[in-house]
Amino acid sequence: MEPVTQTTRVVQITVTDGYDLKGFKGDTPVTFIRAEFNQVVLGDSSKVTVSPEGTTKYNFTSSFEYNQDGGITLDDIAHKPAFLTVTEVLPKEKKQKEEKTLILGQAVVDLLPLLEGESSFEISVPLHPVQGSPLETLRPGVKQSSLDVKVSVGEPLLTSAQVLGGNLLKVTLEAAYSLPESFVPAGTQQNYMVGMQVPSVGEKDYTILFKNGNLKVGGEREPVPRPKKWPIANILAPGANNIPDEFIVGGPYEEEEGELNHPEDREFRNQAECVKKRIVWDLESRCYLDPSAAVSFQKRIADCRLWPVEITRVPLIVVPKGKAAKAEKAEDETLLSFHGVAYVNMVPLLYPGVKRIRGAFHVYPYIDSAVFEKTKCLFSLFRDTGHHNMIHNNKGGINSPLSKPVAKNLKEDKTVKEKDIDGKPRLTDMQAPSLRSQSSDTPLEGETPVTHNPEGQQYLEAGTYIVLEIELDKALVPKRMPEELAERVKEMIPPRPPLTRRRGGAQKAVNDYHLQIKNISKAILDEYHRMFGKEVAKLEHEIDTETLEEQKCQLNYELNCSGKYFAFKEQLKHAVVKIVREKYLRTASFESQEELQTFISELYVFLVDQMHVALNQAMPDDIQGPVPVIQSTSGQLRLFAYEAEVNENYGMAAVYYEERLVREPHNLEHWLDYGAFCLLIEDNVKAQECFRKALSLNESHINSLLLCGILAVLLENYEQAEIFFEDATCLEPTNVIAWTLLGLYYEIQNNDIRMEMAFHEAFKQLQARVLQIPAGKQKSMGNMAGTIENMEEKGKMESNVGPWGTGNNTNNESSSSAVKAEASTGAAATLSIVDEFVEESSKLQSESREPITMKQSLDPVIGPNTSSMVLKDTTLNKKEASKCQDSPAFLHPPPSSVPQTHTTVFMETIRFLMKVNAVQYVHRVLAHELLCPQGGPSCEYYLVLAQTHLLKKDFAKTEECLQQAAQMDYLNPNVWALKGHLYFLSGNHVEAKACYERTVSFVVDATEMHFIFLRLGLIYLEEKEYEKAKKTYMQACKRSPSCLTWLGVGIACYRLEELTEAEDALSEANALNNYNAEVWAYLALVCLKNGRQLEAEQAYKYTLKLKLKDEVLLAEIHTVQEMVGFGNPSF
């Protein structure tokens, strides 16, 4: 035996046992096994008698050699199984010279585990009966015949480097549908073929060829799941054609990667796959890609996104015996016909983690110029040169001058006559034209490019398409695991444990002082009772002042003489020292006597005050109850903060946001709101801190991850941004905004392939969500009308207040200046004009995904606007309206918002960005929306564009955009609302009033009603239509009560001489915000009119203290003061 070299491996196939065997003659047949691989007989076992139970031991070993330098290749092992044929030897009859044999069945052994790094494996394979075999007629309940097989090799076929760097490509051709009418089963038998080429070992390309498609008439859909078949002919047992554990399972059209995966294609595909003719292959072919071929495969996909998959048919010519020469002559005149090509987009295989693409691909006529333009491939797989001489002559490739042109028609009968008709041409006979020739644009010598293909044109007219699946064992581009992304996020944002409380501190020092005061006061009372208890009991409550004074002197004398006074001083000394150190932070000596005396005076006042506090606590019966403090809810604070934002009073807005954080430091929604505010004032560093703090509270919160990613991009930390966006898509793969933002990030990085992947996934998820909406709507619309009525009756607060620009005045003290300034320019917008009225679909999806809780309700950044009573979801029939009060989150508007027929991933992202004030992205996304096939210039597009111009005070462009929006949707209340804001900010209050009144009159509310009511009410006040102003402000109070809304009601009532109602409204406004100077001013006027001097003077004092800037109102107060003769203490 020849020695085995290092490049040679011997693969041994051992059959040990057989089970449930049965023969033609008797229950104990004599059988033997023949092993075959690659159409070569490896050997026959000895003849063995089967036991009556149907079992036998073969212990038969056969082998073949794999040589890296030639012969059997890894591709052969990948796509060709070993066949084990069980044959029965019949007893010899009289005068019979040779034994007669009959085949019982055939077993198939898949050798693929050898390419997965294994050196041996054992398997029990079923024995598939041939037609007429006794194994076909087994009784019900009897097990199928099987063989125990062991496959082994001395050393693994693949090195560790090949296992890690190599890959296995599987291509499954299912069928071609919607064929031309000229395809008929009758007539000349045709061989329907499909082929493509992939990189192989070294510089060669490998051809994957599917032959012998089965032409079927329509009538029913192909069953699923159905087994995949080996691309090999001459398999004896029908069941052996099926690849073990490999099935075609189909799937929804929308989840495919091909061309016919849109909802509008569903009807056509249903008809084509049920009614029309089709060609069925159901074949799977495999190809091993070594590390260099895997790299080449990836590079070619990046260089040439579309790969040609050719389809054709060739008549099958049966060669009569003895007439080979004549048949071959006829074959030379046979041309291939119906030559078509499908363009398969292979780019999805470069997406991270993608290992499989499956879809339907249109078949086009094969025309050289079109194929070259799309695929950069100059040569036809079925037609052009290079099929025969590539492998024989390494120097003579397709581009080599040594290669000779051949005829453009295939000699199909040669293929039929060949013994190797396994679906893959042998490399010694045929080599695919190389895609590596794409660098050359010069046709071969002697080749005439095809410019017209009338037969192939029939594919286009019939709408023919093929269904193809391409699968890899490992993804070409590995995807980060969710665990790795989560770990990276933790590294960047470690969880922050709460700070441990100090045992000391100023408050504890004061509390200790209170405790000592209480103890000393108790001791003094005990001493007083000991000295004067009996005397006091006799006199009861008739003790006069002189007696008390005398008792006081005696008590002081006794305390001093007994030393108790000094003991009490020592008892207080430690507590006072702690107050000096902890409260006043005094630990060093004073620089001057004057400074010391000043500090002692201040300390004395503080200690006396705290002494009275402690004594009052010790004797609660003698003190008056505390004045009740109206505690604003978190929702109200958010509303006040937003009103301060649009008034450009950023200091006051920050105070409100910080108060929310102090109350609930572990509420991530408060941190997100504060971060969005920091984006508004362009404090990106603080915004990043807020968003990361929110993420540290909940590492799985999607919006926190997205906002951290946005800030990382703004601060040019691109590596961190990618991690945040990827983690968001891993945690919630159905989130459209997350995929879109990831695509925008890749666009910034000029990574076109991953950008395409992210946008494709975003569109796919949006499409899947849209298909789910109708069912959800039918369930939720039943109680919608009643819910809206209940909301209106109970005065639900408007949950969506957005900026519409800014006024000229920035104070927050007068109704005129405050309301005019409500639309702040702010470096960016707080909310989009179109931010909520098309969110119904996403709300329904989120509602079905998980319940909404008080702690974490939907996306905090989706509805950042304040309200004390807000909507929890779009179908409130599940909750009482009262349960929606005092929510920490501000969600979507009521379902009465303007409906939107459709949306795109870019428009959804625009809404998100506008809500979180990340307007730096908006124009980039608007450009995508404009170019998107599903988008384009819509009403909502022009509304967003108009708002961006309005923020810059570009009134001319704003008006142009609004005109375009009005032409598209004249009845959209948001268009009229924004028109009103445009005219209001430009000073044209007459036109603004008309627009606002039209907006209010619509049955469906605009998105932003809060400021519409405020500004319309202000215009009514200016025009002295006080009844209308009162009614308008009351509507605002019912929706979203705030200081400004109640102030408007108070002003209107005061002008109507309804002083009692005016005082009530102003008191309500003052309770919500006691720092508004105009509220104090009108309270002073009401008190002056009612003759309450003390209250009028106090209100006037606060009016001056808060620096009222409305000179007209201040002059009116002075006039009324002079009229009534009081109210101004200065005269």
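Figure 1. A pocket is an open set of points on a 1 Å grid over the protein atoms alone, where a 1.4 Å probe fits, with protein on both sides within 12 Å along at least five of seven lines; its lining residues have an atom within 4 Å of a point. The model is predicted: local features need pLDDT of at least 70 and side-chain atom pairs pLDDT 80 or more, whereas totals for chains, interfaces and linings use all residues. Residues are numbered from 1 along each chain as its sequence is written, and side-chain values use heavy atoms, with hydrogens and water left out. The second largest pocket has 32 lining residues, and those nearest its centre are I517, I520, I524, L572 and M611. At least two lining residues come from each of the helices α10 (506–539), α11 (545–562), α12 (564–583) and α13 (593–618); helices here are DSSP runs of H or I with at least four residues, strands are runs of E with at least two, and both are numbered from the N terminus. Helix α10 contributes nine residues, the largest share of this lining. By class, the lining comprises 23 nonpolar, three polar and six charged residues, where Ala, Val, Leu, Ile, Met, Phe, Trp, Tyr, Cys and Pro count as nonpolar, Asp, Glu, Lys and Arg as charged, and the others, Gly among them, as polar.

Figure 2. A salt bridge places a side-chain nitrogen of Lys or Arg within 4 Å of a carboxyl oxygen of Asp or Glu. R530 is exposed, with a relative accessible area of 53%, whereas E527 is buried at 7% (buried: under 20%; exposed: over 50%; partly exposed: in between; 1.4 Å probe, protein chains only).

**Figure 3. Salt bridges between separate elements.** The structure contains 49 salt bridges. The side chains of R226 and D282 meet in one of them, at 2.9 Å from N to O. R226 belongs to strand β15 (residues 226–229) and D282 to strand β17 (residues 278–289), so this contact ties together parts that are 56 residues apart in sequence. Both R226 and D282 are buried. A further salt bridge joins D1005 to R1039, whose closest N and O atoms are 2.5 Å apart. Because D1005 lies in the loop between α30 (989–1001) and α31 (1010–1022) and R1039 in helix α32 (residues 1026–1039), the pair ties together parts 34 residues apart in sequence. D1005 and R1039 are both buried. A network of salt bridges links D110, K170, K228, E246, E284, R286, R356 and E469.

Figure 4. The structure holds 28 aromatic pairs. The ring centres of Y941 and Y942 are 5.3 Å apart and the planes stand at 80 degrees, so this pair is edge-to-face (Phe, Tyr or six-membered Trp rings pair with centres within 6.5 Å; planes over 60 degrees apart are edge-to-face, under 30 stacked and the rest tilted). Y941 is buried at 9% relative accessible area, and Y942 is buried at 15%. Elsewhere, ring pairs link F183, Y192, F338 and Y459 into a cluster. Over the ring of F183 sits the charged end of R313, 4.8 Å from the ring centre. The charged end of K374 sits over the ring of Y364, likewise 4.8 Å from its centre; this requires NZ of Lys or CZ of Arg within 6 Å of the ring centre and within 35 degrees of the ring normal.

**Figure 5. Backbone features in loops.** V224 and P225 are joined by a cis peptide bond with omega of about -5 degrees. P225 is placed in the loop between β14 (214–216) and β15. N212 has a positive phi, near 55 degrees, although the residue is not glycine. The loop between β13 (205–210) and β14 holds N212, which is partly exposed at 49% relative accessibility. N38 likewise has a positive phi, of about 60 degrees, without being a glycine. Its place is in the loop between β2 and β3, and N38 is partly exposed, with a relative accessible area of 24%. Most residues other than glycine have a negative phi, and most peptide bonds are trans.

Figure 6. Q39 lies in the loop between β2 (30–37) and β3 (40–44) and is partly exposed at 41% relative accessibility. The C-alpha atoms of Q39 and A82 are 9.2 Å apart, although 43 residues separate them along the chain. N242 lies in strand β16 (residues 242–248) and is partly exposed, with a relative accessible area of 28%. N242 and W230 are 12 residues apart in sequence, and 6.2 Å separates their C-alpha atoms.
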